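Me: I'd like to walk through this model with you, one question at a time. Could you show me the sequence and the structure before we start?

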Amino acid sequence: MIKIKLKNLGRIYESEGETPLEALSKLEVRNLKGLGVLTVIDGDKERVKILKASILAGLFGQGSPTRKSIALKQFSILFD
């Protein structure tokens with residue numbers, strides 16, 4: 001089981017899933033602004049990444065499907 005934590009503007013969002021993309025899709029995020037600190041925990045491994053505002057806006061914003069697919073691709077590259 002993979003756990004994801006996203007910290008943004010003092011708020012912490014958490015979710016779990018079988019894959020990083022599944023866990024990311026389960027996050028219920030509102031009002032993201034600026035950078036975010038994303039922590040992915042897989043068993044005893046822990047990865048911490050700082051996500052740019054453009055990636056966060058693409059993943060959780062009201063953008064087009066193309067923008068969302070580009071942001072998902074950038075996210076998956078970070079954790080390969």
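**Strands, helices and a few residues**

Me: In which strand is the place of Ser-15?

Reply: A word on the ground rules: this is a predicted model, in which local features need pLDDT of at least 70, side-chain atom pairs count only at pLDDT 80 or more, and totals for chains, interfaces and linings use all residues. Residues are numbered from 1 along each chain as its sequence is written, and side-chain values use heavy atoms, with hydrogens and water left out. Helices (H or I, at least four residues) and strands (E, at least two) are DSSP runs, numbered from the N terminus. On that numbering, the place of Ser-15 is in strand S2.

Me: Does Ser-15 count as buried or exposed?

Reply: Buried means under 20% relative accessible area, exposed over 50%, and partly exposed in between (1.4 Å probe, protein chains only). Leaving aside neighbours within four places in sequence, Ser-15 has contacts (heavy atoms within 4.5 Å) with Ile-2, Lys-3, Ile-4, Ala-23, Leu-24, Lys-26 and Leu-27. Its relative accessibility is 10%, so Ser-15 counts as buried.

Me: Which backbone oxygen lies 2.5 Å from a polar atom of the side chain of Ser-15?

Reply: A polar contact is a pair of N or O atoms within 3.5 Å; within protein, one must be able to donate a hydrogen and the other to accept it, and residues adjacent in sequence count only if both atoms are side-chain atoms. For the side chain of Ser-15, the oxygen at 2.5 Å belongs to the backbone of Ala-23.

Me: In what order do the four strands form the sheet?

Reply: Two strands pair if DSSP finds at least two bridges between them. The sheet is open and its pairing is antiparallel, in the order S2-S1-S3-S4. S2 (11-17) and S4 (45-51) each have a single partner strand, so one side of each is left without a neighbour. From one strand to the next the twist averages 15°, and the order is S2-S1-S3-S4.

Me: How many bridges join S3 to S4?

Reply: S3 covers residues 36-42 and runs antiparallel to S4. Among the facing residues, Thr-39 stands opposite Val-48, and the bridge partner of Val-40 is Arg-47. On its pairing with S1, S3 has six bridges, with Lys-3 standing opposite Ile-41. Between S3 and S4, the bridges number seven.

Me: Is Thr-39 buried or exposed?

Reply: Thr-39 has its place in S3, a strand that is largely enclosed by the rest of the structure because five of its seven residues are buried. Beyond neighbours within four places in sequence, Thr-39 is in contact with Lys-3, Ile-4, Lys-5, Glu-46, Arg-47 and Val-48. At 8% relative accessibility, Thr-39 is buried.

Me: What is the relative accessible area of Lys-49?

Reply: Lys-49 lies in S4, and its C-alpha is 5.9 Å from that of Val-37, twelve residues apart in sequence. Apart from neighbours within four places in sequence, Lys-49 is in contact with Gly-36, Val-37, Leu-38, Leu-78 and Phe-79. Lys-49 is partly exposed, and its relative accessible area is 29%.

Me: At what angle do H2 and H3 pack?

Reply: Axes are lines fitted to C-alpha atoms, for helices over the stretch in contact, and angles run from 0 to 180 degrees between N-to-C directions. The axes of H2 and H3 (residues 65-78) are 8 Å apart, at an angle of about 125°. That makes H2 oblique to H3, since angles under 35 degrees count as roughly parallel, over 145 as roughly antiparallel, 65 to 115 as roughly perpendicular and the rest as oblique. Their contact includes Ile-55 of H2 and Phe-75 of H3, and the packing angle is about 125°.

Me: What phi does Leu-9 have?

Reply: Most residues other than glycine have a negative phi. Leu-9 has its place in the loop between S1 and S2, and at 57% relative accessibility it counts as exposed. Its phi is positive, near 55°.
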